[in-house]
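This report describes selected packing features of a single model. The sequence and structure are shown below.

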Amino acid sequence: MLLAAGAGSAARGAARPVCAAPLASHAYAGRVRSALRARDDVFGRSLLRAPGGPTYARAKNVLAPLLYATGARGRKLTDSGVYYLPFAYPFNVDGSRPFALHVADGSEIVTRRVGGPSVTVDVGPTGTERYGSCLARLEAASLADGYLPILETSYTDAAGTRYEQESFVGRAYGTISLSYVHLHVDATASTSGAVVRFVLSPGSFAAKGEQLLQRGSTRLAWGGDPTVQGRVVRFDVPAGTASDVYVAVPSGPNDGRPLQVGERTYDAALDAVSGYWQSRLGEGTVYDVPDQQVVDAEQALLVQQLLLTWRYSAGNSYEELSFAEAADVARVMAEYGRPDVAETILRFALKRLPLRFTNWRAGELLVAHAELYRLARDRTFLDAETPHLAGIVHAIGRQLAVSPNGLLDREPFSSDVAREVYALHGQAVVWEGLAELGRVWSATDHPQLAARCRALAAKLHGALDRAVAHSARRAGDGSVFVPAALLAGEQPYPNLALSRAGTYWNLVMPYALASGLFPPHGRIAEGVLRYLLGHGGRMLGLVRAGAGRLYGRYPPKPDSGIDQVYGVNVDRFLADAEKPDQLVLSLYGMLGAAMTPGTFVSGESESVTPLHGRLYRTMFQPPNSGANAAFLENLRLLLVHETRGPDDAPTGLELAFSTPRQWLVAGQTITVEQAPTSFGPVSFTLSRAGATLAGSVDVPSRPAPASLRLRVRLPRGEQLAAVRVDGRRAKLDRRSDTIDLSGLRGHLELQAVVGR
């Protein structure tokens with residue numbers, strides 16, 4: 001496998017067998033642990049100080065790459081321990097998914113779920129070497145065209161024969177979902193030839209034509225003339241030749257109809273799958289930026305989200321509804337012009353809320369429904385959901401009516417922490433949901449519900465202000481610690497990620513920060529941000545966590561991980577607080593350290609210090625829809641951010657306020673098309689040619705924003721010398737190169753000169 005630059009030197013001595021999994025050097029492990037002991041973001045600070053700021057090239061070289069996947073109780077998710085990609089060819093938005101799990105080292109395809117029926121791939125002169133088993137001879141996995149759900153791997157066996165593998169999920173007969181696999185075997189330089197064996201998991205099989213059946217259902221189909229023995233299908237490639245092998249693995253039970261497998265059917269299925277996903281991705285909002293790695297990640301994650309919908313993960317025990325995270329995913333999908341996916345998630349979650357009701361979950365669904373309406377204006381969906389949403393509001397009202405302190409009832413701190421508390425994160429989100437949904441109902445002819453929401457929001461806000469004032473602690477460095485468990489005596493943590501309680505504060509507090517409860521430039525918000533940044537809350541701009549499910553103990557001291565699932569709300573708060581450099585750091589930190597290179601898979605958490613001494617890092621239960629949403633939300637916030645007033649109501653738009661400065665070097669273009677906002681869809685472009693900057697903005701008008709500003713973040717040392725909008729001199733803040741477009745309407749053309 002190709003190592004990140006600098007990581008290769010981290011592998012221990014030459015005495016180890018060349019194909020043993022590389023171990024981390026003491027120097028590498030020591031450097032990482034030293035950074036974790038610090039209370040500030042040592043690695044992030046280094047990237048921010050580098051010329052040009054954070055980039056993917058820099059971020060990916062800080063830590064060794066992610067490769068392994070861990071499941072419940074510390075068990076490997078796959079036989080080889082390498083992560084998988086869940087592929088499917090969906091028949092509709094709402095339906096179930098016939099997933100196939102394609103292991104990223106090319107060694108195995110598992111049907112539907114970890115532990116399910118599988119097909120492994122063996123190679124070598126005798127067909128006894130597992131494909132991908134020698135990491136030194138395995139090239140890192142990638143996706144076709146950089147983003148399509150088509151896995152590409154390359155491997156060289158011990159005898160020197162090279163294999164190139166491609167796999168994806170398509171359809172046969174329009175209804176049968178199956179994994180197509182193509183192996184190109186190059187034995188032209190081999191003196192021993194090569195054998196490729198496809199080995200099915202144990203069972204009784206019957207060969208019928210060009211397929212193996214189990215209880216009348218096809219488990220493997222092929223083209224060509226292999227040798228079949230029991231559950232093994234063997235292809236021989238003579239020395240001095242090259243050959244192409246094609247097989248297909250159904251994603252579930254089927255009727256055993258003959259499946260045609262060969263070059264023509266494979267290519268036709270590949271074209272169909274590529275065309276389907278390209279068309280599906282072309283339906284939504286366009287966020288196009290001059291960084292191919294970012295664009296590929298965006299597209300690949302959208303594919304994952306379109307497959308996962310309400311699911312927290314796929315193929316493992318995390319394939320379930322996780323309410324708060326699902327609500328975040330729904331909001332992000334609405335922001336990407338995918339209201340159908342957002343509605344599917346929210347409809348599913350709202351029906352299941354009574355079975356697992358908490359105020360936090362209820363509040364998240366109120367917020368998500370309100371944002372979806374503001375962005376998509378689907379009155380039919382809102383009206384259908386209103387009776388259920390009104391039931392939530394009434395349940396909240398009943399609690400506040402008998403509350404001794406104006407707060408909602410105590411409830412478990414989180415799904416992992418059963419201790420019942422006055423949870424600031426849950427209560428703040430309920431306040432946000434009441435305020436937002438009240439405005440939506442006011443605009444959609446539900447005056448009584450709107451008034452009820454306003455009254456409850458005001459009462460809860462006052463109680464939260466009093467409880468926060470009683471519970472907050474100001475530190476000597478000017479930071480402010482606000483407990484997530486109000487009125488319970490929770491004390492500040494010296495280093496957040498080095499204790500279980502500190503970790504959970506770091507994970508949930510951003511929900512309160514992003515709610516708007518604390519004005520983003522106010523004393524409390526700025527103090528809490530200072531606390532978070534200066535007490536071990538972030539690494540590489542990512543959310544730090546103890547990652548106890550990976551390391552198996554608390555406190556880890558200092559072995560800990562990152563958990564960017566909860567970065568989505570940190571990023572919302574950073575955008576509100578106008579911290580563009582921190583947002584850029586989060587983007588590239590996630591791309592470089594919280595995703596697999598080339599395939600963009602994340603877990604619920606990722607190891608940072610070497611786990612079991614291994615160099616390559618580990619994820620917990622990947623893939624993860626919440627982590628995907630964090631990256632997508634981050635990218636959106638770099639380009640489009642809504643400002644809010646004191647009552648949390650949307651007031652204005654900030655365009656391109658946090659873009660990386662290298663995105664506007666000469667020759668680059670930033671494009672946003674039809675991005676949903678509370679004011680209607682917005683589109684804009686910025687294009688740089690030498691010292692000339694040209695752009696356009698289509699101002700939304702449903703209603704028009706009270707303020708509209710466009711920022712041009714140029715490379716350090718450059719600034720705008722002159723700006724004209726529609727031929728007239730524009731209002732320009734020269735300190736930040738921000739153009740004030742407030743009050744203007746329609747299509748605007750911008751021309752500017754860049755100077756030094």
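## Helix crossing

Helix 9 and helix 11 cross in a left-handed sense (the near helix is turned anticlockwise from the far one by less than a right angle). The axes of helix 9 (residues 379–401) and helix 11 (residues 447–471) come within 11 Å, and their crossing angle is roughly 35°. Axes are lines fitted to C-alpha atoms, for helices over the stretch in contact, with angles running from 0 to 180 degrees between N-to-C directions. Helices are DSSP runs (H or I, at least four residues), strands likewise (E, at least two), numbered from the N terminus.

Helix 9 contributes T386, A390, V393, G397, L400 and A401 to the contact, and helix 11 contributes L449, R452, C453, L456, K459 and L460 (contact: heavy atoms within 4.5 Å).

## Basis of the model

The model is predicted: local features need pLDDT of at least 70, side-chain atom pairs count only at pLDDT 80 or more, and totals for chains, interfaces and linings use all residues. Residues are numbered from 1 along each chain as its sequence is written, and side-chain values use heavy atoms, leaving out hydrogens and water.

## Sheet and packed helix

Five strands form an open sheet with mixed pairing, in the order 29-30-34-38-37 (pairing requires at least two DSSP bridges between two strands). Neighbouring strands are turned by 25° against each other on average, direction ignored.

Strand 29 runs antiparallel to strand 30 (residues 650–655), joined by 5 bridges. H641 has E654 in strand 30 as its bridge partner. Helix 17 (residues 625–639) packs on the sheet, touching strand 29 and strand 30, and its direction makes about 75° with that of strand 29.
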